[in-house]
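Dear colleague,

I am passing on the structure that we spoke about, and below it you will find notes on what came out of going through it. Please read them with the model open beside you.

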Amino acid sequence: MNTLLKLASTSLMSMAMLAGPTWAQDKIRTIHLLSRPQAAQPAEFQAVQLIAQEWRKLGLDVEVDVMPWEQMSSEVWYNREDWDVTAWQMTGRPERSDPDEIIYNLFHSTTAESGYNFIGYNNPEYDALVEKQRVTIDPTERQALVRQAQEILAKDQPNMMLVHPEQAFAFDNTIWDAASVVNQSGIGIRNTWTWLSLAPKGDQKDIIANSADNVIAVNPLYISGVTDSWITELLYDRLFRVGPDGLPTEWAATSYEWRDDKTIAVTLRDDMKWHDGEPLTAEDVKFSFETTVGGEAPMYSPFGKGISDIAIEGDNVVVFTLETPSASFIISSLAKINLIPKHVWEPILADLSTKEENAESYQEEMPIGSGPYKFDRWITNEEIVLSANADHFNAPKAERWILRFVPNAEASLGMLRSGEVNFLTDFSGDPQVLVDAAEADGDLEVVSTVDIGFRYLAFNNRRPPFDDPAFRSALSSAVDRRLIVNAAFKGFAVASNSVVSPALEFWHAKDVVDNFKAGSDVAKAMLEEAGYTMDGDSLAYPDGVKETLAD
């Protein structure tokens with residue numbers, strides 16, 4: 001071929017590339033993005049709208065499907081093959097002060113079928129890494145592994161991290177002594193320690209809190225939601241609790257001894273009783289931990305399956321033998337698993353073993369725990385009432401803990417100002433409005449803190465095109481997190497590209513946030529490099545990839 005023919009051929013090839021592919025490539029179907037309603041979760045709703053807008057710039061047809069929390073939770077959790085993307089959150093539970101629960105339970109492949117890895121992420125390299133950090137006792141060596149895990153997630157983008165909220169809470173300081181409010185590291189003032197220590201100033205002795213979301217279940221074997229966890233933490237004791245400083249402290253245990261790197265002996269209190277009056281025994285403790293790996297409580301399985309043996313010595317010593325050393329065992333297991341009464345749950349579990357459903361779907365008519373509050377009543381869509389357990393070793397100073405369901409953020413603030421609520425535990429509106437109201441009223445006190453928890457979009461890694469890390473990464477990179485922080489969260493949040501909060505400075509991989517690049521041009525370049533093309537105004541799959549889930 002002569003030089004002129006070569007030049008002509010090259011020119012024609014360039015023109016063909018600029019015009020797009022000449023072969024037929026499948027357009028990507030409509031993407032369905034789930035969100036809770038604006039009235040219930042205005043920041044989440046606004047973030048979703050902004051994200052959908054940016055994704056449409058890439059040539060995607062994005063439809064936002066709004067549904068109440070109960071419906072969305074059920075759709076995502078139990079129909080794991082059937083959704084595309086959902087707005088989601090991980091709350092800052094105290095036991096998440098150690099990163100193991102998040103980096104292992106949320107992403108390890110073994111928890112994908114029925115556990116917390118509901119997105120179906122599967123990366124053998126990642127699995128091996130987070131397994132290794134679990135058995136690495138040296139803190140500095142483990143720190144490096146935890147940060148490396150964050151780097152893998154930042155590369156794979158199984159979820160689209162958005163923000164770590166700066167949670168703002170408020171209370172009526174004419175009713176509650178401000179000095180008795182506990183600000184827990186990375187959690188804020190909405191925590192179990194506050195509910196126990198909160199001291200009334202006068203005749204009003206009921207803590208009246210609020211939640212935008214309804215309670216799904218009051219079940220010690222089911223991690224069913226943010227609001228639900230507030231209740232189970234009050235009804236059920238654990239061997240340890242995470243203290244206000246983020247470190248484990250004895251609770252139902254009076255002491256413990258590591259006999260070697262895989263054996264820990266825990267001594268129990270001898271004055272504990274279940275709410276029905278029966279004594280809490282070492283057999284109950286053994287039963288509680290064995291239940292987590294018995295097949296009926298899959299969400300708790302990761303926290304118990306590393307235990308190879310549980311033995312009882314005397315009346316009040318329980319000895320746990322681990323399969324391998326565990327750096328986070330006290331926080332991630334002993335401070336995580338709820339103690340349940342064997343005499344109540346053994347027959348329930350025996351019956352459930354003959355049925356398709358497991359313990360997660362079981363709701364006791366009258367939940368029985370041993371915790372500092374007792375279950376009183378649950379009026380659906382209205383309120384849950386717990387009464388103080390005066391016989392508890394750490395009995396609350398309040399008489400009752402009342403949770404009222406208020407789906408509208410403005411209404412919840414109105415109820416605080418009118419006295420219908422005296423501790424605002426869930427405010428999803430503009431935090432500045434809350435600050436302004438406190439300044440205007442004079443009897444409200446606002447406390448805010450960066451949360452251990454986070455807000456994110458969960459990609460369904462099982463479904464194309466979200467099974468392609470390059471596609472997920474491009475969608476994540478399409479959105480500048482500063483837009484989400486300022487427009488959706490009104491500045492009361494920090495941008496995120498990691499599941500480990502900056503509130504956990506020792507574990508947090510700051511570089512994965514600082515080095516994150518975002519914008520439409522960045523996302524389009526990533527898609528082009530991965531072989532995605534434009535078919536008119538619509539984004540199409542790479543050559544040879546077919547759309548199998550078109551509406």
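The buried residues of helix α14 pack against β4, α13 (409-418), β15 (423-424) and β16 (444-450), where buried means under 20% relative accessible area, exposed over 50% and partly exposed in between, with a 1.4 Å probe and protein chains only. Helices (H or I, at least four residues) and strands (E, at least two) are DSSP runs, numbered from the N terminus, and contact, here and below, means heavy atoms within 4.5 Å.

Before going further, please note that this is a predicted model, in which local features need pLDDT of at least 70 and side-chain atom pairs count only at pLDDT 80 or more, while totals for chains, interfaces and linings use all residues. Residues are numbered from 1 along each chain as its sequence is written, and side-chain values use heavy atoms, with hydrogens and water left out.

As for confidence, pLDDT is the predictor's own, given for each residue from 0 to 100; the mean for the protein chain is 93, and 95% of its residues reach 70 or more. Over residues 1-22, however, the pLDDT is below 50, and this stretch has 3 contacts in the model beyond near neighbours in sequence. Where pLDDT is low, the predicted coordinates should not be read in detail.

To return to α14 (residues 431-441), its buried residues are Pro431, Leu434, Ala437 and Ala438. They lie on the same side of α14 because they cover an arc of only 115° around the axis, the arc being that of the directions from the helix axis to the C-beta atoms. An α-helix has 3.6 residues a turn, so residues three or four places apart point the same way. On the other side of α14, Glu439 and Ala440 are exposed. At the start of this helix a side-chain oxygen of Asp430 reaches to within 2.9 Å of the backbone nitrogen of Gln432, and just after the helix Gly442 takes a positive phi of about 85°.

Next comes an open sheet of 4 strands, with the order β5-β14-β13-β12 and mixed pairing; two strands pair if DSSP finds at least two bridges between them. Its edge strands are β5 (206-211) and β12, each of which pairs on one side only, and the twist averages 20° from one strand to the next. Strand β5 pairs with β14 (residues 400-405) in the parallel sense over 6 bridges, and Asp206 stands opposite Arg400 in β14. Helix α8 packs on the sheet, touching β5, β12, β13 and β14, and its direction makes about 165° with that of β14; axes are lines fitted to C-alpha atoms, for helices over the stretch in contact, and angles run from 0 to 180 degrees between N-to-C directions. Of the 10 residues of α8 (residues 226-235), 10 are buried, including Trp230 and Glu233.

Lastly, some loop positions deserve a look. Asn460, in the loop between β17 (454-459) and α15 (469-477), is buried, with a relative accessible area of 0%. Leaving aside neighbours within four places in sequence, Asn460 is in contact with Arg80, Glu81, Asp82, Trp83, Asp84, Ile119 and Phe466. Pro465 lies in the loop between β17 and α15 too, and the peptide bond from Pro464 to Pro465 is cis, with omega near 5°. Gln157, in the loop between α6 (139-156) and β4 (159-172), has a positive phi of about 50° although it is not a glycine.

With best wishes

Technical notes:
A polar contact is a pair of N or O atoms within 3.5 Å; within protein, one must be able to donate a hydrogen and the other to accept it, and residues adjacent in sequence count only if both atoms are side-chain atoms.
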